[in-house]
Amino acid sequence: MKTINSTGLLKQASQRTPFQKVLHRITRHRSAQVGFLILGLMIAIAILAPVLAPFDPIKVLTDVKVRTPPCIHWLGCPADQPEHIFGVDGNRRDLLSRIIFGARLSLVIGIASATFAILVGVILGALAGFIGGWFDNLIMRLMDVLLAFPSLILAIAIVAVLGPGLINVLLAVSIVAIPVYARVVRASVLQVKEQDFISASRALGVSNFGLLINHVMPNALTPIIVQGTLGIASAILDSAALSFLGLGAPPPTPEWGLMLGEERNSVFNAPHLVFIPGIAIMLTVLAFNLIGDGLRDSLDPRLVHGG
Amino acid sequence: MTTFIIRRLILLLPVLLGITFITFSMTRLLPGDPCFAVMGEKATVAQCQEYRQRQGLNDPLPVQFVHYLNNIAHGDFGQSLRNNRQVTDIVMERLPMTLEVAIGATLFSTTFGILLGIVSAVKRNSIIDVVTMMIANAGVSMPVFWLGLVLAYIFALTFKGTPLWIPPSGRLTSGLSIPPLVQTYNLQNLSGPMLTLVTFASNTVTFNALITGNFKVLGDALWHLILPCVAVGTIPLSIIARMTRASLLEILGQDYIRTARAKGLRERVVIIKHALRNALLPIVTIVGLSIGGLLSGAPLTETVFSLPGMGTELIRAILSRDYTVVQAFTVIIALIFVTINLIVDLSYAFLDPRIRLQ
């Protein structure tokens with residue numbers, strides 16, 4: 001029993017809707033705060049890219065040398081040299097502008113492929129769990145087979161079939177992630193489906209489809225939200241890896257993985273060209289991982305009720 | 001236990017069939033005529049017809065699939081479209097390198113991951129815990145190819161001229177080599193699967209050097225393995241450390257830990273004997289899963305460190321449309337992955353008797 005003095009507080013807390021409770025917890029979660037901060041920054045950079053970028057990201061500059069190290073006037077770089085905060089790459093393009101535009105691509109690829117994977121995974125998993133029987137068996141065995149491949153190897157094989165390119169990378173990374181979502185949703189559906197309120201709704205004449213959409217799905221969504229956030233992180237990593245190997249975005253697209261791949265042989269004489277894109281990838285992935293961890297803690301009903 | 005193993009093996013069959021079916025369909029879905037891929041754009045219609053007949057490409061797809069399965073079961077993955085070598089030979093040449101890195105990285109990540117996890121859990125909220133968890137968070141977010149390049153920069157360039165210098169690429173220092181076991185032990189009359197096995201052992205440089213007592217080559221090979229293993233091992237290390245910490249913290253709150261402490265056991269015994277043992281199940285799962293991750297990362301690390309493994313060969317095969325190699329490598333890597341998962345499942349039964357009884 002809490003102290004009498006805090007009755008007001010307790011009352012206030014109990015009046016919150018579940019959504020408000022989660023919101024309350026996540027805004028106070030330390031790692032989620034850091035995650036939201038980085039992600040907010042990345043989104044701002046991506047939206048404001050044309051305003052922020054000092055140069056055209058694919059334009060070859062004429063007045064600079066290849067792989068010039070960073071030059072910042074404020075830090076003592078001679079004023080007669082053009083300012084390139086992150087330096088110039090092997091094709092004489094401004095690295096800062098490429099990093100800024102790269103944020104757009106990474107976020108779009110990460111979110112788009114995770115969304116596609118979630119959509120397909122949720123539909124397959126929900127139908128498998130809800131219909132059951134041979135359909136369930138068929139779908140889940142197929143998912144088992146997809147899970148039997150190491151994810152990046154399968155993604156590479158899919159790109160080999162579809163051919164290199166950004167859209168195909170997006171598809172490959174999504175297909176590889178589908179089984180995870182399908183499994184998570186199916187497990188939740190199986191759990192929810194047996195509960196009394198479902199039988200009650202069925203008795204009231206709610207159609208199968210209505211049951212699935214209105215009653216089963218909302219109860220199965222929590223794990224998907226967490227998994228989805230972490231899924232965006234791995235989608236960004238995987239697509240960067242494919243681009244690094246030369247199977248993804250074609251040059252001169254400002255894609256972080258591709259930028260790293262193009263300059264990997266100059267790591268000893270122009271390390272900035274390798275270090276900076278890598279840090280950009282790491283920060284973006286870190287943001288989604290931290291938010292995912294925060295969401296997991298905030299959405300866990302044991303923590304909500306147990307305190 | 002035996003019934004448990006047999007049941008798991010039977011459950012594996014449909015998965016294996018599925019793996020081969022998916023890789024088979026993938027290569028059949030590929031754009032372009034395989035005939036032109038092999039014989040060049042100038043091949044005549046008659047030549048192609050003859051080629052298709054010879055390769056069995058005119059048969060109905062189900063018949064082709066059965067032939068394909070039959071060949072795989074006999075260890076025959078066909079010929080490379082590019083250099084007419086047997087794919088099995090290429091695998092025997094390339095697989096050892098990939099496995100050496102995977103094993104080294106597993107040892108590195110498991111040892112240090114569990115150690116860091118224990119320290120973090122025991123000294124919860126201390127500076128060690130905070131730093132370890134920060135590193136672990138960064139570790140899971142790093143692209144492995146980037147970490148590889150950064151390590152190469154630090155150890156090969158910054159430490160140049162110091163004893164800490166580590167070679168950034170290759171398998172052995174140039175000039176060093178090791179004779180194949182067939183030559184060392186005069187096994188010229190070997191053939192068939194035995195020869196394949198000996199070739200495999202022979203190409204596993206560390207193993208070859210160890211059994212022939214060539215410690216100079218062994219040391220050099222291990223020295224070259226350090227950076228790739230650390231690079232590939234860092235992500236699993238982070239995951240293992242996080243999992244060990246979480247799992248151990250949960251166990252440390254249990255009543256029997258309090259009892260163990262109350263009866264006066266030393267803290268070390270409580271942690272290692274009572275807590276860690278019970279916390280092992282999720283850790284083993286994560287270790288198993290991360291070995292799969294290591295295989296996944298092979299194309300990346302091998303590219304970064306210019307290692308002659310399965311990964312670099314897979315990328316070469318894809319870029320040069322050498323589909324038989326792509327097909328074979330995908331199947332083999334998936335088979336290794338499935339085997340590891342099976343071992344993880346079996347180790348559950350070993351670690352937790354309750355699972356055996358179910």
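**Entry 1: confidence**

I began with the scores. The model has ipTM 0.85 and pTM 0.85. For chain B, the mean pLDDT is 84. In that chain, 97% of the residues reach 70 or more. I kept one caution in mind: where pLDDT is low, predicted coordinates should not be read in detail.

**Entry 2: chain B as a whole**

Next I looked up the make-up of chain B. I found 16 helices and 0 strands. Its C-alpha atoms fill a box of roughly 85 × 60 × 40 Å along the principal axes. The chain has 358 residues, and 37% of them count as buried. I also checked the contacts in chain B with a separation of 6 or more. Residues 24 or more positions apart make up 71% of those.

**Entry 3: where the chains touch**

**Entry 4: helix α3 of chain A**

I moved on to α3(A), which covers residues 30–47. This helix has 18 residues. From first C-alpha to last it reaches 26 Å, close to the 26 Å expected at 1.5 Å a residue.

Which residues of α3(A) are buried? They are Ala32(A), Gly35(A) and Leu39(A). Seen down the axis of α3(A), these buried residues fall within an arc of 60°, so they line one face of the helix. I recalled the helix rule here. An α-helix has 3.6 residues a turn, so residues three or four places apart point the same way.

On the other side of α3(A), I found Arg30(A), Leu37(A), Gly40(A) and Ala44(A) exposed. I also asked what covers the buried residues of α3(A). The cover includes α2 (18–27) and α12 of chain A.

**Entry 5: helix α7 of chain B**

I compared the span of α7(B), residues 144–158, with its expected value. The helix has 15 residues and reaches 20 Å, close to the 21 Å expected. Its buried residues include Val144(B), Phe145(B), Trp146(B) and Leu147(B). Gly148(B), Leu149(B), Leu151(B) and Ala152(B) are buried in α7(B) too.

What covers them comes from both chains. From chain A, the cover includes α10, α11 (256–262) and α12. From chain B, it includes α11 (215–252) and α13 (267–304).

Val150(B) also sits in helix α7 of chain B. Is Val150(B) buried or partly exposed? It counts as partly exposed because it has 18 C-beta neighbours inside 10 Å, and a buried residue needs 20 or more. I checked one distance from this residue.

**Entry 6: the nonpolar core**

The largest nonpolar core has 163 residues. Which members touch the most others? They are Ala155(A), Ile156(A) and Tyr181(A). Helix α5 (residues 95–131) of chain A gives the most to this core, with 17 residues.

I first noted the general rule. Most residues other than glycine have a negative phi, and most peptide bonds are trans.

Then I listed some exceptions. A cis peptide bond joins Pro251(A) and Pro252(A), with omega about 5°. Pro252(A) lies in the loop between α10 and α11 of chain A.

Arg92(A) is not a glycine, yet its phi is positive, about 60°. I found Arg92(A) in the loop between α4 (49–52) and α5 of chain A. It is partly exposed, with 16 other C-beta atoms within 10 Å.

Asn125(B) has a positive phi as well, near 65°. Its place is the loop between α5 (87–122) and α6 (127–141) of chain B. Why does Asn125(B) count as exposed? It has 8 C-beta neighbours inside 10 Å, and 12 or fewer makes a residue exposed.

Key. Residues are numbered from 1 along each chain as its sequence is written. Chains are lettered from A and ligands numbered from 1 in the order in which they are written. This is a predicted model: local features need pLDDT of at least 70, side-chain atom pairs count only at pLDDT 80 or more; totals for chains, interfaces and linings use all residues. pLDDT is the predictor's confidence in each residue, from 0 to 100. Helices (H or I, at least four residues) and strands (E, at least two) are DSSP runs, numbered from the N terminus. The expected span of a helix is 1.5 Å times one less than its number of residues. The arc is that of the directions from the helix axis to the C-beta atoms. Two residues are in contact if their C-beta atoms, placed from the backbone, lie within 7 Å. A nonpolar core is a set of buried Ala, Val, Leu, Ile, Met, Phe, Trp, Tyr and Cys residues joined through C-beta atoms within 7 Å.
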